[in-house]
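Work through these exercises with the structure open beside you. Try each task before reading its solution.

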Amino acid sequence: TATTCAAVAVSGDVTKLQTQFTDIAKGAKDATEAARASYAVAAATDASRSSGPFEQAYSALQAVLPEDPNVLALAPLSRKGAPTRNELRDDFGKIELEIVRAARAAESGGGMWGQVQASLSQFVVVRRAGEIDTTDSVVDNASARVAAGDLEGAVTQLSRLTGPPAKIVAPWLEKARLRVEIDQRLAAVRDRKSVV
């Protein structure tokens with residue numbers, strides 16, 4: 001009977017060790033998968049910060065997080081890529097005055113005086129400061145946001161433009177929206193509790 005009791009105790013210890021080993025193995029597997037996911041997110045984030053496509057890094061991310069809705073939404077974006085935030089800042093600086101000139105030309109209307117104003121606006125633009133809801137104020141606010149790194153706020157501001165100014169800023173807005181979406185989707189993936 002002492003041998004039987006010892007055998008039962010050993011059997012219980014073996015069962016307990018098997019359960020612990022299974023738990024440890026599962027924990028190790030989960031930790032490995034979390035590490036792979038973290039690395040894939042970091043690699044995709046780094047690759048996406050360039051102005052070109054980031055398909056290879058996206059493929060690695062998609063392999064470790066195949067069901068994540070933000071990862072799935074990144075598929076078409078990874079093929080396009082988007083300009084960097086610095087490139088968008090520089091590009092906006094090049095079109096700022098064009099946007100204001102287009103607004104002035106539209107405001108001046110037709111007729112002889114309108115044509116003279118439109119011609120002069122090609123060379124000299126006097127920005128109106130302090131006015132609310134004018135093209136100047138929208139462009140000023142957007143410019144300040146772009147300079148501060150708030151691309152999302154600049155997009156919101158410039159989306160308010162209409163008419164000729166909206167046509168001038170449209171290509172820039174399309175690129176900026178791509179950059180914002182890529183950054184937001186990768187941030188959402190990074191913020192998942194399983195990817196730390």
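**Exercise 1. Which residues in α8 are buried?**

Solution. This is a predicted model.
Step 1. Locate the helix: α8 covers residues 163–190.
Step 2. Pro-165, Val-169, Trp-172, Leu-173 and Ala-176 are among the buried residues of α8.
Step 3. Go on along the helix. Leu-178, Arg-179, Val-180, Ile-182, Asp-183, Leu-186 and Val-189 are also buried in α8.
Step 4. Recall a rule about helices. An α-helix has 3.6 residues a turn, so residues three or four places apart point the same way.

**Exercise 2. Find the span of α8 and where α8 bends.**

Solution. Step 1. Count the residues: α8 has 28.
Step 1. At 1.5 Å a residue, α8 should span 40 Å.
Step 2. Compare with the model. The end C-alpha atoms of α8 are 39 Å apart, so the two values agree.
Step 3. Look for a bend. α8 bends by about 45 degrees at Ala-170. A proline, Pro-171, follows within four residues.

**Exercise 3. Describe the chain as a whole.**

Solution. Step 1. Count the elements. The chain has eight helices and zero strands.
Step 1. Read them in order from the N terminus: α-α-α-α-α-α-α-α.
Step 2. Consider burial. Of the 196 residues in the chain, 32% are buried.
Step 3. Consider contacts between residues at least 6 apart in sequence. Of these, 65% join residues at least 24 apart.

**Exercise 4. How many aromatic pairs does a search of the whole structure find?**

Solution. Step 1. The search finds one aromatic pair.
Step 1. Name the partners. Phe-92 and Trp-172 form the pair, with 5.2 Å from centre to centre.
Step 2. Classify the geometry. The planes are 55 degrees apart, and the pair is tilted. Planes under 30 degrees apart would count as stacked, and planes over 60 as edge-to-face.
Step 3. Phe-92 lies in helix α4 (residues 85–108), and Trp-172 lies in helix α8, so the pair ties together parts that are 80 residues apart in sequence.
Step 4. Check burial. Phe-92 has a relative accessible area of 1%, so Phe-92 is buried. Trp-172 is buried too, at 5%.

**Exercise 5. Where does α4 bend, and which residues of α4 are buried?**

Solution. Step 1. Start with the span. The 24 residues of α4 should span 34 Å at 1.5 Å a residue. The end C-alpha atoms of α4 are 34 Å apart, which agrees.
Step 1. Find the bend. α4 bends by about 35 degrees at Ile-95.
Step 2. List the buried residues. They are Leu-88, Phe-92, Ile-95, Glu-96, Ile-99, Val-100, Ala-102, Ala-103, Arg-104 and Ser-108.
Step 3. Pick out Glu-96. Its relative accessibility is 16%, so Glu-96 counts as buried; the cut-off is under 20%.
Step 4. Look across to α8. Glu-96 and Val-169 are 73 residues apart in sequence, and their C-alpha atoms are 8.6 Å apart in space.

**Exercise 6. Are α4 and α6 roughly parallel or roughly antiparallel to each other?**

Solution. Step 1. Take the angle. α4 and helix α6 (residues 135–147) pack at about 175 degrees, with axes 10 Å apart.
Step 1. Apply the cut-off. Angles over 145 degrees count as roughly antiparallel, and α4 and α6 are therefore roughly antiparallel.
Step 2. Name the contacts. On the α4 side, they include Arg-89, Phe-92 and Glu-96. On the α6 side, they include Thr-135, Asp-136 and Val-139.
Step 3. Widen the view. The buried residues of α6 pack against α4, α7 (151–158) and α8.
Step 4. Step past the helix end. Just after α6, Gly-149 takes a positive phi of about 85 degrees.

**Exercise 7. Is Leu-61 buried or exposed, and what about Pro-69?**

Step 1. The relative accessible area of Leu-61 is 0%, so Leu-61 is buried.
Step 2. Leave aside neighbours within four places in sequence. Leu-61 is then in contact with residues including Ala-40, Val-71, Leu-186 and Val-189.
Step 3. At 59% relative accessibility, Pro-69 counts as exposed.

Note on methods:
Residues numbered from 1 in each chain as written. Predicted model: local features only at pLDDT ≥ 70, side-chain atom pairs only at ≥ 80, totals over all residues. Heavy atoms only, no water. Buried < 20%, exposed > 50% of the residue type's maximum accessible area, 1.4 Å probe, protein only. Phe/Tyr/Trp six-rings, centres within 6.5 Å; stacked < 30°, edge-to-face > 60°. Helix = DSSP H or I, 4+ residues; strand = E, 2+ residues; numbered from the N terminus. Expected span 1.5 Å × (residues − 1). Bend = angle between axes of the 7 residues up to and from the residue. Axes fitted to C-alpha atoms, helices over the stretch in contact; angles between N-to-C directions. Parallel < 35°, antiparallel > 145°, perpendicular 65-115°, else oblique. Contact = heavy atoms within 4.5 Å.
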